[in-house]
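Subject: Structure handover

Hello,

Here is the structure for you to look through. My notes follow below it.

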Amino acid sequence: MAYNTGRNNNNTAVESEFIEKVVSINRVSKTVKGGRVMKFSALVVVGDGKGTVGYGLGKASEVSEAILKGLADAKKNLVKITLSGTTIPHEVIGAYGAGRVLLKPASVGTGVIAGGAVRAVMEAAGISNVRTKCLRSNNPQNVVKATFAGLMALRGPEEVARIRGKSVEEIKG
């Protein structure tokens with residue numbers, strides 16, 4: 001019996017072009033007439049390390065199946081974010097539900113100063129110098145969604161100049 005092990009004929013593993021990070025795995029149960037039914041949910045972040053990032057939630061009866069479903073969902077929901085080198089262009093607060101995430105740009109060499117859920121998003125997006133703080137909720141799903149809300153609210157100087165009808169030099173000062 002032959003199994004598909006995710007390898008090609010040359011016995012080398014197939015490499016994905018995406019950075020895949022599992023943020024959290026949660027065991028949930030539903031009580032039915034015959035007892036409890038256990039399932040797993042997995043929150044996954046996927047990015048290319050160049051400013052494209054997405055997240056997904058997968059639910060299944062096995063952990064590995066939940067992760068695979070989360071990866072598929074994350075790849076469907078990829079968004080392009082505005083970067084300024086290895087950091088973000090300006091300070092922003094992202095909000096989703098009770099979750100608030102403060103994102104601040106940092107100079108080269110600072111690194112990613114962030115908690116677990118925000119760190120996974122930043123590393124997948126390719127942001128290597130940033131300071132962050134989770135302000136209210138520390139629920140991983142709300143924190144990831146708030147981080148995405150903040151990242152999608154970022155605007156580069158070119159976009160701000162276009163909206164205001166000015167040149168980039170006038171905006172930068």
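In what order do the 4 strands of the open sheet come? The order is 5-6-8-7, and the pairing is mixed. Strands pair if DSSP finds at least two bridges between them. Strands (E, at least two residues) and helices (H or I, at least four) are DSSP runs, numbered from the N terminus.

Before the rest, two notes on the source. This is a predicted model: local features need pLDDT of at least 70, side-chain atom pairs count only at pLDDT 80 or more, and totals for chains, interfaces and linings use all residues. Residues are numbered from 1 along each chain as its sequence is written, and side-chain values use heavy atoms, with hydrogens and water left out.

Strand 5 (92–96) and strand 7 (112–113) are the edge strands, each pairing on one side only. Strand 5 runs antiparallel to strand 6 (residues 99–105), and 5 bridges join them. Val-92 has Leu-103 as its bridge partner in strand 6. Helix 2 packs on this sheet and touches strand 6, strand 7 and strand 8 (130–134). Contact means heavy atoms within 4.5 Å. The direction of helix 2 makes about 150° with that of strand 8.

The helix pair
Helix 2 (residues 116–125) also packs with helix 3 (residues 140–152). The angle is about 40°, and the axes are 9 Å apart. That makes helix 2 oblique to helix 3. Angles under 35 degrees count as roughly parallel, over 145 as roughly antiparallel, 65 to 115 as roughly perpendicular and the rest as oblique. Axes are lines fitted to C-alpha atoms, for helices over the stretch in contact, and angles run from 0 to 180 degrees between N-to-C directions. From helix 2, the contact uses Ala-117, Val-118, Val-121 and Met-122. From helix 3 come Pro-140, Val-143, Val-144, Thr-147, Phe-148 and Leu-151.

The hairpin
Strand 1 (residues 19–32) and strand 2 (residues 35–47) pair antiparallel over 13 bridges. They form a hairpin with 2 residues between them. Glu-20 stands opposite Val-46 in strand 2.

The whole chain
The protein has 5 helices and 8 strands. Along the sequence the pattern reads β-β-β-α-β-β-β-β-α-β-α-α-α. The C-alpha atoms fill a box of roughly 65 × 45 × 30 Å, taken along the principal axes.

Best wishes
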